Amino acid sequence: MNKTKQPLFHIVKRGEMPWYFSWGIRAAAIVLALICCGLISTLVTAENPIQIFATIFDGSFGSSRKFMVLLQNTAMLLCIALALTPAFKMRFWNLGGEGQALAGALAAAACMILMKDQPNVVVILCMVVTSILAGALWGLAPAYFKAKFGTSETLFTLMMNYVATQLVAYFSVVWENPKGSGNIGVINPKSMVGWFPEIFGNKYALNIVIVALVAIGMYIYLNYSKHGYEIAVVGESERTARYVGIKVEKIILRTMLISGAICGLAGLLLVGGTNHTLNAAIVDGRGFTAVMVSWLGKFNPIWMVLTSFLLVFLGRGAGEIATDFGLNSSFGDILTGVILFFIIGCEFFINYKISLTKSSKKEEK
Amino acid sequence: MLEAILSFLPRAIAQGIPLLYGSTGEIITQKSGNMNLGIPGVMYVGGICGVIGAFLYEQSLPSPEALNPFLAVLIPTLFCLLSSLLMGLLFCFLTVTLRANQNVTGLAMTTFGVGFGNFFGGSLIKLSGADIPFLALSATSNCFKKTIPGADQLGWFGKLFLNYSFLVYLAVAIALIASFVIKRTRTGLHLRAVGENPNTADAAGINVNRHKYLATCIGCMIAGLGGLYYVMDYAGGIWANDAFGDRGWLAIALVIFTVWRPNVGVLASFLFGGLYILHMYIPSGMNLAVKELYKMIPYVVTIIVLIISSLRNQRDKQPPQALGLPYFREER
């Protein structure tokens, strides 16, 4: 009998499983992550854990203003995540959400600044058109080279982020107000030209409604349209797509056009609806967080609402801990990172099963 | 003119060294088929852990004169290497053992690492009780900055080639060694095989997971040294939050720019360092806006190189074939 070393366990891929099982694992991972975050916070602040979780909730639900900020931030993150999703479904790693949204924001701000004497309706219409076009263009450039020459889109889109950042930094100096500050202050503070109207008596409500519509639209587009089907086929196997007569190049270009356009819309909402100003940090890393939102939500717009809400909720909670206990505001990033590691890791237990290898002695009997 | 070049080149080199560390680390990682987008985070963690080590050591001394230069260098370096190693292990555990998506894991690591750096940086600044928004460890930094004695008296040759601290020469040495190992040794051959086609490598009896773990962890430790060099040498021992900036992403850009060759990376990183500070040397008068456009140059250059390398489609200038894909033996 030859003596080969047998591993203690082996890993098997799971087949289909009921949805509540996989979401049970994810929920368990989130609970574990929260416990871990609570431990870290307790260590750092020497405060009891219940107090810390109370503070996290206070950060999001403490006042109606905080709650609206929570919803607004969730909507913005979700908007960019929705934009990236069709590209990801096609296995096109669009890491350029940041740059595409910045391009949209830049176009919107340009309209507000250069057309400040025009009627409000004209300015807003121009903002909508130019910012969506700018975002689409920013997404189309990597897609064109990917479709034509197979250029790596991961790195191309990543670099486009910094090109956009520097472009915004350039215009921040060109349009600086007041002179010498290097910043564009609030644009048109008196005339409010290009500011989106308030609905329901709240300045964030319009943004939230628009993003909700985009989410529903994206869900239908991905699941019930021919385009959505083509995207899924290209993502599963490019060869199959070619075989059934789908023009892969065309799908890549079209999908990235949509992806970039929605990112541009996110930039528009940030400038026109929320901040009414422009700076290089306006997108605030959402382009990267959105990658994780989309991936954690399994590229399903409905689940993505939940994941983006979760991440923003935790981020705001961690921010509240930081201010309450006099910590550095980067504390939130650490907690977000820890939670992400747990959720990323738990996917393994959903897809695979570890089974102990039966000892070979038993088999001999 | 000579004076201008003599002041520009050493600064470009000093600026390029963190990029060189980062890109050498990332090349080794990518050769094993792992695309580690967490390198910017790793460099932050490496930098801040070096600072923590130096801070603890300086605080433990009865007086600043008692500083032992050897320990002052050794302790931060060990802290930096250990922390980067942990980051590398985390990435490997998630992507190799748990087969998670590499892009998502990498981005999460960058979020975590940058937050980690800024949080502990901010806390140490508070602990030191100063009114200034940064932490100065000049005593430790002076030990890191030791150059060869008398080098600056050797004319232009000394100024250009000999007047650097040991971390600069170490970066160049690591890059050259890495290049040799990847190209000329059996270990390198195995590593490349794993990155190109893990199925074949596995069939040939190469342990795929072990190669991925080793390459990624070593890569992270090298990248972490880049963070250490930046704080201790380039910035003179001064930690200010977010000062390291987006150099980590530039290091990843360099990987493509050098078509996965660390020896090319030596010169390319100096070139990028030069491009990074070019905006200070181009006379633009009072027009501050144009400077922002010049800062775009490294990224635009990278995009152009990326396009050209895919256009020419030479087989020796392509990314490793299995880059970014997880490997599972039972899945074909």
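Does Ala175(B) count as buried or exposed, and how many C-beta neighbours does Ala175(B) have inside 10 Å?

Modeller: Before the answer, please keep in mind that this is a predicted model, in which local features need pLDDT of at least 70 and side-chain atom pairs count only at pLDDT 80 or more, while totals for chains, interfaces and linings use all residues. Residues are numbered from 1 along each chain as its sequence is written, and chains are lettered from A and ligands numbered from 1 in the order in which they are written.

Ala175(B) counts as buried, because 26 C-beta neighbours lie inside 10 Å (buried stands for 20 or more other C-beta atoms within 10 Å of a residue's own, exposed for 12 or fewer, and partly exposed for what lies in between, with C-beta atoms placed from the backbone). This residue belongs to helix H7 of chain B, which covers residues 166–184; helices (H or I, at least four residues) and strands (E, at least two) are DSSP runs, numbered from the N terminus. If its neighbours within four places in sequence are left aside, Ala175(B) is in contact with Leu20(B), Thr24(B), Pro262(B), Asn263(B), Gly265(B) and Val266(B), where contact is taken to be C-beta atoms, placed from the backbone, that lie within 7 Å. Leu19(B) is 156 residues away from Ala175(B) along the chain, and the C-alpha atoms of the two are separated by 11 Å.

Widening the view to chain B, we find 14 helices and two strands, and buried residues make up 52% of its 332 residues. Among the contacts between residues at least 6 apart in sequence, 79% join residues at least 24 apart in chain B. The C-alpha trace of chain B spans about 60 × 50 × 40 Å along its principal axes. Its radius of gyration is 20 Å, which agrees with the value near 20 Å for a compact globule of 332 residues (taken over C-alpha atoms, with a globule rule of 2.2 Å times the number of residues to the power 0.38).

Within chain B, helix H2 (residues 39–60) and helix H3 (residues 69–97) pack at an angle of about 145 degrees, with their axes 7 Å apart; such axes are lines fitted to C-alpha atoms, for helices over the stretch in contact, and angles run from 0 to 180 degrees between N-to-C directions. Residues of H2(B), including Val42(B), Gly46(B) and Tyr57(B), meet residues of H3(B), among them Leu71(B), Phe79(B) and Met87(B). The contact of H2(B) with H3(B) divides into 14 nonpolar, six polar and no charged residues (Ala, Val, Leu, Ile, Met, Phe, Trp, Tyr, Cys and Pro count as nonpolar, Asp, Glu, Lys and Arg as charged, and the others, Gly among them, as polar).

Chain B also touches chain A, in a contact that takes 39 residues from chain B and 36 residues from chain A. H4(B) gives the most to the side of chain B that touches chain A, with 14 residues, and the residues of that side divide into 24 nonpolar, 10 polar and five charged. Chain A has 14 helices and two strands, and of its 365 residues 46% count as buried.

Notes: Two residues are in contact if their C-beta atoms, placed from the backbone, lie within 7 Å.
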